[in-house]
Amino acid sequence: MSASELLTAELELTGRITTASNATFFGSIGDISVVYKPIAGEKPLWDFPHGTLAHREVAAYLVSEALGWSLVPQTWLRDGRFGQGMVQLWQEADPTQHPVELLPTQQVPSTGWKAVLHGQDGDGEDVTLLHEDTAALRRMAIFDALINNADRKGDHILPMPGEHRYGVDHGLSFHVEHKLRTVLWGWIDEPLADEELHSIDLLSDALSGELGQDLVKLVSGDEISALAARCTGLRETGQFPAPRGDMPAVPWPLF
C-alpha cells in the first residue's frame, strides 16, 4: 500500500485496547493492521501540553529513522473515526521472548543480562528487575535518553523475530525538562560504541535539515533545541547517562 493510501484509505476500527491509559484502538487500512490513538482521547496531563501526545509519537518515529535504527514502527498522523490521531503499523510481538524480566534474585542469569534494581515482592521475597544485554536494547536506551522518554515500561518493548526490538508508546517524550524514566538503566556510565556515537552525529546533522523542518510541525522549537542539546551532551560525555534529579528514575508500573 502506498504512503498516500495509508493517509487517505478508510481506517476501519475493529477493537479497543483497554489496557492503554489513553483511547487506543486496533484497526486496519485495507489489509494493513494498525493502532489508532485519536487526539480527542488523550487524557490531560499536568506536565505535557494537552493534545500533543500523538504528535510526539510521530516525532519519536522520525528521530528513530534519523538515527538509522528502526526502533519505532512506522507512525504518522491522519484522520480516523474520532478525528485526527496517531496511526502506527501493528507489530505482532513474539510471546516467547522477554527482553525485560522481573525474576527471583536467585534465578538471575550470570551472563547476557543487566540488573537494574533489586527489591522485594509482596511476599517479602528478593526480586531483581533486569533486561537483555544486547545491541538492540543499547540503542533503545540511547534513543530514550535522546528523546527524554518519561515512560519506557518493560511492555513498551516489543520482541520481534530475528532479535529485533521495537519501542512503542512515546507520547511522553521531548519535554524540555529532564524526565527520563526507563527500565533500561543497565549500562550506566559505560562508554558508547563508535557506531552509536556516529548515529548521534547523524541525528544532530539531520536536525539542521529536513528532520528539523518536520519536527517543528510536531513539537515546540524549545523542545527541538533541547533534543539538540541532549545529542551534544551524550556526544561530549561519550557514555550512557545515569539517573539524576528528584523524580523517579523508573516508571510505575514497571510493565
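## α2 against α3

Helix α2 (residues 53-67) packs on α3 at an angle of about 125°, and their axes lie 11 Å apart; axes here are lines fitted to C-alpha atoms, for helices over the stretch in contact, and angles run from 0 to 180 degrees between N-to-C directions. That angle makes α2 oblique to α3, given that angles under 35 degrees count as roughly parallel, over 145 as roughly antiparallel, 65 to 115 as roughly perpendicular and the rest as oblique. The crossing of α2 and α3 is right-handed, a crossing being left-handed if the near helix is turned anticlockwise from the far one by less than a right angle, and right-handed if clockwise. A60, V63, S64 and L67 of α2 make the contact with F143, L146 and I147 of α3, where contact means heavy atoms within 4.5 Å. By class, the residues of the contact of α2 with α3 are six nonpolar, one polar and no charged; Ala, Val, Leu, Ile, Met, Phe, Trp, Tyr, Cys and Pro count as nonpolar, Asp, Glu, Lys and Arg as charged, and the others, Gly among them, as polar.

The model is predicted, with local features needing pLDDT of at least 70 and side-chain atom pairs counting only at pLDDT 80 or more, while totals for chains, interfaces and linings use all residues. Residues are numbered from 1 along each chain as its sequence is written, and side-chain values use heavy atoms, with hydrogens and water left out. Helices (H or I, at least four residues) and strands (E, at least two) are DSSP runs, numbered from the N terminus.

With helix α6 (residues 221-237), α3 packs at an angle of about 130°, the axes being 8 Å apart, which makes α3 oblique to α6. I142, A145, L146 and I147 of α3 meet L227, R230, C231 and L234 of α6, and the contact of α3 with α6 has seven nonpolar, no polar and one charged residues.

## Cavity and pocket

On a 1 Å grid over the protein atoms alone, a cavity is a set of points where a 1.4 Å probe fits but cannot get out, and a pocket is an open set with protein on both sides within 12 Å along at least five of seven lines; lining residues have an atom within 4 Å of a point. One cavity of 30 Å³ or more is found in the whole structure, and the largest cavity holds about 70 Å³ of space. Its lining residues are A141, A145, L180, T182, L184, W185, W187, I188, F240 and P241, of which nine are nonpolar, one is polar and none is charged.

The second largest pocket has a volume of about 370 Å³, and of its 17 lining residues the closest to its centre are A145, H178, R230, P241 and R244. The largest share of this lining, five residues, comes from α6.

## Backbone details

N148, in the loop between α3 and β9 (157-159), has a positive phi of about 60° although it is not a glycine. A cis peptide bond, with omega about 0°, joins W252 and P253, and P253 has its place in the segment after α6.

How values were computed. Grid points are joined across faces, edges and corners, and a volume is the space filled by probe spheres set on the points.
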